[in-house]
Amino acid sequence: MSKLLSPIKIGRNIFKNRVVMAPMCMFYSKTENGVLTNRHFDHYVARALGGVSGIIVEATRVNEFAGIRKVDLGLYNEEQKQAFKKLVNRVHDYDCKIGIQLSHAGRKADSSYEDIVAPSSIAFGDCKIPRKLTVDEIKSLVKDFTNSAVLAKDAGFDFIEIHGAHGYLISQFLSPLANKRDDEYGGSLENRYRFLGEILKSIKENVDIDVHLRISANEYSEDGNTIEDIIKILKFAREDKVVFNDISSGGLIPNPPREIFSGYQALLSKKIKESGLLCSAVGLLSDFRLCEYLLQSETCDMIYQGRALLRNPNLVYEFANNLNEFEKINLPLDSYVSIKNKR
Ligand SMILES: Cc1cc2nc3c(=O)[nH]c(=O)nc-3n(C[C@H](O)[C@H](O)[C@H](O)COP(=O)(O)O)c2cc1C
């Protein structure tokens, strides 16, 4: 019996297997209203139908100006919420949990926004130079994240994932590479964590929903956070009621010096799991044997899938076929057998 197709309880949610769709921006929308399109519906429902136990909706803006692209999805108004509500219901029809990644791009926001903001006025590579946020603006962004979390709960999402990775706004605050502030939001690790901590505390006070966190556990720079720093940050976040950690890497410096191979980020997950935290592994994990090995060897608790699921929405069925464990995925085998017998 595989671990890959065995259920697990995370926070209050039971996931029917260990395969979750990682957040992936699709840029399907032609408008800037942030509302799901029909194509988004089909895209996510196809993966739910294909057997994943959970879906994390792509990076979704917490306000109008927070997008990586202006056409990113948004969750800050009623129209957006109502569309998500329909998607959540459709995905739930297939016994699949659904979360949403709440995000602000910070200095990596769409360059056609007039005003781009960040913890410090330092550009990412040759991107537009951002304006340093005031403390009042930071407090207002905490409210934006909280408001989106409230709307996510109203829309019926099972959990939210805070985007603290890939060099976007929260990741910028966490990292000494992008945060050069000399007030209470910069300097020490505790101060760099403050923005994320305030978001998590505010969500905890205002919304009853499970919170997951995505983080870059390797910043690929000697001057960035170390894995030990990241584990400290994740432990602060656990105090602030984060129930699960989605372990990714990079995004703080352009063209990081890293080798990409199957499971290239899994060693980071292993260190985090060894420190007593629940986490996933992601990154070129399309081989079911590698996935099963990572779970059996206590490297991670969940396997997140990105590009392999874009190529094959039915990846979990393929895994079940390879593992010879069809009975685990609720295929209507009885009807298949009865049709076969009539031929
Ligand atoms: C088209 C595409 C869009 C992505 N968008 C996001 C995103 O919105 N948020 C995020 O945290 N990661 C994003 N990622 C990263 C994926 O979630 C995942 O971590 C990465 O692709 C590695 O996993 P894989 O090898 O299974 O694809 C994106 C990746 C791809 C390929």
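Biologist: Hi! Which residues form the aromatic cluster here?
Modeller: Phe145, Phe173, Tyr185 and Phe195 form one aromatic cluster. Keep in mind that this is a predicted model.

Biologist: Good to know. And how many aromatic pairs turn up in the whole structure?
Modeller: Searching the whole structure gives 8 aromatic pairs.

Biologist: While we're on rings, what does the charged end of lysine 108 sit over?
Modeller: One ring is that of phenylalanine 124, with the charged end 4.4 Å from its centre. The charged end of lysine 108 also sits over the ring of tyrosine 168, 4.9 Å from that ring's centre.

Biologist: Nice. Let's switch to helices. How do α5 and α6 pack?
Modeller: Helix α5 covers residues 189-206 and helix α6 covers residues 227-239. They pack at an angle of about 25°, and their axes are 9 Å apart.

Biologist: So what do you call that arrangement of α5 and α6?
Modeller: Angles under 35 degrees count as roughly parallel, and α5 and α6 are therefore roughly parallel to each other. Their crossing is right-handed.

Biologist: Which residues meet there?
Modeller: From α5 you have Leu189, Glu190, Tyr193, Leu200 and Lys204. On the α6 side they meet Asp229, Lys232, Ile233, Phe236, Ala237 and Glu239.

Biologist: And how do the residues of that contact divide by class?
Modeller: The contact of α5 with α6 has 6 nonpolar and 5 charged residues, with no polar ones.

Biologist: Okay, α6 again: what are its angle and axis distance with α7?
Modeller: Helix α7, residues 266-274, packs with α6 at an angle of about 50°, with the axes 10 Å apart. That makes α6 oblique to α7.

Biologist: Is that crossing left-handed or right-handed?
Modeller: α6 passes α7 in a right-handed crossing.

Biologist: Who's touching whom, and what classes are they?
Modeller: Ile227, Ile230, Ile231 and Leu234 of α6 meet Leu268, Lys271 and Ile272 of α7. By class, the contact of α6 with α7 holds 6 nonpolar residues, no polar ones and 1 charged.

Biologist: Last pair, then. Where do α2 and α3 sit in the chain, and how do their axes cross?
Modeller: α2 is residues 78-92 and α3 is residues 135-155. Their axes come within 8 Å and cross at roughly 45°. That makes α2 oblique to α3, and the crossing of the two is right-handed.

Biologist: What makes the contact between them?
Modeller: α2 brings Lys81, Phe84, Lys85 and Val88, while α3 brings Leu151, Asp154 and Ala155. The contact of α2 with α3 counts 4 nonpolar, no polar and 3 charged residues.

Biologist: Great, thanks for walking me through it!

Definitions and conventions. Residues numbered from 1 in each chain as written. Predicted model: local features only at pLDDT ≥ 70, side-chain atom pairs only at ≥ 80, totals over all residues. Heavy atoms only, no water. Axes fitted to C-alpha atoms, helices over the stretch in contact; angles between N-to-C directions. Helix = DSSP H or I, 4+ residues; strand = E, 2+ residues; numbered from the N terminus. Parallel < 35°, antiparallel > 145°, perpendicular 65-115°, else oblique. Left-handed = near helix turned anticlockwise from the far one by under 90°. Contact = heavy atoms within 4.5 Å. Nonpolar A, V, L, I, M, F, W, Y, C, P; charged D, E, K, R; others polar. Phe/Tyr/Trp six-rings, centres within 6.5 Å; stacked < 30°, edge-to-face > 60°. Lys NZ or Arg CZ within 6 Å of the ring centre and 35° of its normal.
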